[in-house]
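Visitor: I'm new to reading protein structures. Could you walk me through this one?

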Amino acid sequence: MSSVDWKIEATDFTTCNCDFSCPCQFNAPPTHGDCRAAVGMRIEHGHFGDTALDGAVFVGLLAWPGAIHEGRGQAQLILDEHTTDAQRQALTALFKGEETEPGATIFNVFSNVIDTYFEPLVSPIEFQADVEARTGRIAIPGVVEGTGEPIRNPVTGEPHRARVTLPEGFEYHEAEYGSSSVKTHETLIPLEWTAGHAHFARVTWTPQGVVHA
């Protein structure tokens, strides 16, 4: 049980190197044999104990040499330069899945399959995400650039809309799916792909997990 009362309402923009839809969402093996991801979140409203988290932005870089459930993962948290020391401590705890019931959130699940958490970075972060439009952007100078857009019809180029519902999901219960391109620059966790998976969601998390809308 968590000893800290916390709750966040956030916009989630997640990208990975797999094909559109991300096989993990369906308990299938990763497209290319490994899993690499960049996750961005902006907390619209939230707190961790007495620490307010409204407006806090963070990005996580993650990688596994095989399927996520096989472990040996690496992760690095990047915190926006405008966060306070107290907010950084809170976000680091949440990113590591602490103060959370086992298996209740995606970061707690990840904590069981990540061997190495690199020291967090503090940097300016540009974060944009429009869930309905399926567009997003993550930009951290000298670290990572990532964009998200709708999946395009291969014949007409028109935007294709796909929405997935996971009633028992530990990240979201419903998300819009899209396409992503990501590239890092001399980071401890190198990432690079085009036409990879993206999803966009509004999420509410507590120590007990994802709250149904």
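Here is a set of questions and answers about the structure shown.

Guide: Before we start, this is a predicted model, where local features need pLDDT of at least 70, side-chain atom pairs count only at pLDDT 80 or more, and totals for chains, interfaces and linings use all residues. Residues are numbered from 1 along each chain as its sequence is written, and side-chain values use heavy atoms, with hydrogens and water left out.

Visitor: How many helices and strands are there in the protein?

Guide: Helices (H or I, at least four residues) and strands (E, at least two) are DSSP runs, numbered from the N terminus. Going by those runs, the protein has two helices and 15 strands.

Visitor: What radius of gyration does the protein have?

Guide: This value is taken over C-alpha atoms, and the globule rule is 2.2 Å times the number of residues to the power 0.38. For 213 residues, a compact globule would come out near 17 Å, and the protein agrees with that, at 16 Å.

Visitor: What percentage of the residues count as buried?

Guide: Buried means under 20% relative accessible area, exposed over 50%, and partly exposed in between (1.4 Å probe, protein chains only). Of the 213 residues, the buried share is 52%.

Visitor: Which residues in helix 1 are buried?

Guide: Helix 1 covers residues 85–95. In general, an α-helix has 3.6 residues a turn, so residues three or four places apart point the same way. The buried ones in helix 1 are Q87, A90, L91, T92, A93, L94 and F95.

Visitor: Is T83 buried or exposed?

Guide: T83 sits in the loop between strand 5 (73–80) and helix 1. Contact means heavy atoms within 4.5 Å, and T83 touches A56, V57, R88 and L91, not counting residues up to four places away in sequence. Its relative accessibility is 6%, so T83 counts as buried.

Visitor: How far from E171 is the nearest side chain of opposite charge?

Guide: You'll find E171 in the loop between strand 12 (162–165) and strand 13 (174–184). Lys and Arg count as positive and Asp and Glu as negative, while His and the chain ends are not counted. A salt bridge is a side-chain nitrogen of Lys or Arg within 4 Å of a carboxyl oxygen of Asp or Glu. E171 is buried but has no salt bridge, and the nearest side chain of opposite charge, R202, is away by 14 Å.

Visitor: Which residues are linked with R163 in a network of salt bridges?

Guide: R163 meets E176 at 3.0 Å, N to O. That pair links distant parts of the chain, with R163 in strand 12 and E176 in strand 13. R163 also meets E174, at 4.0 Å, N to O. The residues in the network with R163 are R161, E174 and E176.

Visitor: What relative accessibility does R134 have?

Guide: R134 is in the loop between strand 7 and strand 8. Its phi is near 60 degrees, a positive value in a residue other than glycine. R134 counts as buried, because its relative accessibility is 9%.

Visitor: And what relative accessible area does E186 have?

Guide: E186 is in the loop between strand 13 and strand 14. Its phi is near 50 degrees, a positive value in a residue other than glycine. E186 is exposed, with a relative accessible area of 87%.
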